[in-house]
Amino acid sequence: MQEIGYEVVWPLGKMASEKVTLVPRITDLKNKTICELSDYGFRAEEIFPILRASLAGQYPGIKFIDYTNFGNTHGPREDEIVATLPEKLRQYGCDAVISGVGG
Amino acid sequence: MKQAQAVGQSLGIQNLPLAEYPGVVAVDSREELDKKVKDILVDNIIQAFTKPVLQGAVPREPEPNDVIFRGTLDDIQEFYTRRQWTDGLPIIPPTIDRIERFLQFTERSNKEVIGILLPENREATVWNIAVNGVMAGCRPEYMPVLLAVAEAIADPEFRIEDAGSTPGWEPLIVLNGPIIKELNFNYEGGVMRVGRQANTSIGRFLRLFMRNVAGLRIPPGTMDKATIGDTFNVVLAENEDVLAELGWESFSVARGFKPDENVVTVQSVVFATAPIASGGENPRDHLDTFVEVFGKTMSTWTHMAVNWGKFYPLLVINPSVARLFAHNGLKKRDIKRYLYDNSIVSAGLIERLARQDGITGFDLHRMVDENLIPKQYCESDDHERMVPVFLKSEWIGIVISGDTGRNRSRGYVQNHEQGPPVSKRIQLPANWKQFLKSK
């Protein structure tokens, strides 16, 4: 007996995103301003100080803006805090961001 | 890392620069953490900052009504399974003919975009709701319910983007209104079991829709990071006959809808309590048992509630117990108030659970200072001080359902700001009455 054949369609939906082009990477971290973002979890309070000390030892003039200046980016005021980020990052003269940990 | 990369791609960023901390940070000693950060993470961060990012082309995808495959039932199962478009169970082939039968139960254009589902960032449309409804084994007449369910999870308040978070929560659909009987939903014995087509296939639809449109797939997929997780929930329908008998308001009326409206509410569920067998003729005995089982179970999640500032636990009360409460003059709001007033947990326990859960910056004093939680959480520095399990009494949901011949109730823990209850009215098509007559 011949089995019935079916013609079927795609169960997904159109992607809503548009391609984002990243800015060129930094070639040297000397004298750069690094902003930190955190969800106040996953031992960020231990990890960020070690990172700062290690990177400062390798790159003279590197400056860090502590994550507490921005607030919890993945907490009860997430929407409000994330909305203020572009302006705050500009204000601090940010060259690059470390966003973490796990957030 | 794979999840972060995939989320970046969904947002249009190919090859998002990432820096990995190897292993599980929550279980490393301070010495291990120090060594891994200095020896590995710092170099990974420098690489991510300085290495050029390669940008690839975005692959072309099918149009909604393109026929993408032709084959037998077995061929189709294999084709969809290989692409991770099924939930591991056989599907009904989504043919144009079957989809059109679903579309007859809505007056909305099949091209209408209901919302955008993160994390995969795809359009939820009337069309792909029907496609996934067919695949899940729904009947065409379930389409109005499917649309309302999709609208609920597409509402930004629901935060579908967090449905792949590590606690592994699962959405639960609560149903109210005349449609419960019209579509033959179970609201009695075994209400939360698979077995009745309406409850089961609509529950399955939601999980399948989350896989295919939100992209939440367990391995070999990458977006669902549930550590252990759970299976999909069937639809929880309230016993509105008992509500009418007792003069109690329904779950949807408590959320601001009219009694005769058909309403779906979708909310997250992380885990359930033990079955709560409460007995005796004194309502206080029942309430104290609820505090003991429901309150204590919820207290193991208070750290998350407090950290995120939201908490909507759900209590399903058995009709026989609800009758006893009602005959003693109690309403749903009285039960919520008693649970709120009497369920307490030590501050030390919630601090310990929070920190072990990865919220290492958890600090009740800071949260009070920032007006994130009420002052009563920090009335002293004593870790043994008792604080409320629940954030607000009105945030506790109560549904009456289950076997009318027994006295077991059950509670469901909700995952704070992720999947708060979101309700949507079910829009019936003009031909609904005609459909009901033809049944």
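In the predicted model, residue A:C35 stands opposite A:I65, which belongs to β3(A). Strand β2 of chain A, residues 33-37, is joined to β3(A) by 3 bridges, and the two strands run parallel. Strands of a sheet pair through backbone hydrogen bonds, either parallel or antiparallel.

This pairing forms part of an open sheet of 3 strands in chain A, with the order β3-β2-β4 and parallel pairing. At the edges of the sheet stand β3 (63-65) and β4 (96-99) of chain A; each has a single partner strand, so one side of each is left without a neighbour in the sheet. On average, and with direction ignored, neighbouring strands of this sheet are turned by 25° against each other.

Strand pairing also links the two chains. Strand β1 of chain A, residues 6-8, pairs with β1(B) in the antiparallel sense over 3 bridges. Within β1(B), residue B:G71 stands opposite A:Y6.

The contact between the chains involves 57 residues of chain B and 41 residues of chain A. On the side of chain B that touches chain A, two or more residues are given by each of the elements α2 (30-50), β1 (69-71), α3 (73-82), β3 (122-125) and α5 (126-136) of chain B. The largest share of this side comes from α2(B), with 8 residues. By residue type, the side of chain B that touches chain A divides into 32 nonpolar, 17 polar and 8 charged residues.

Notes. Residues numbered from 1 in each chain as written. Chains lettered and ligands numbered in written order. Predicted model: local features only at pLDDT ≥ 70, side-chain atom pairs only at ≥ 80, totals over all residues. Contact = placed C-beta atoms within 7 Å. Helix = DSSP H or I, 4+ residues; strand = E, 2+ residues; numbered from the N terminus. Nonpolar A, V, L, I, M, F, W, Y, C, P; charged D, E, K, R; others polar. Pairing = 2+ DSSP bridges. Axes fitted to C-alpha atoms, helices over the stretch in contact; angles between N-to-C directions.
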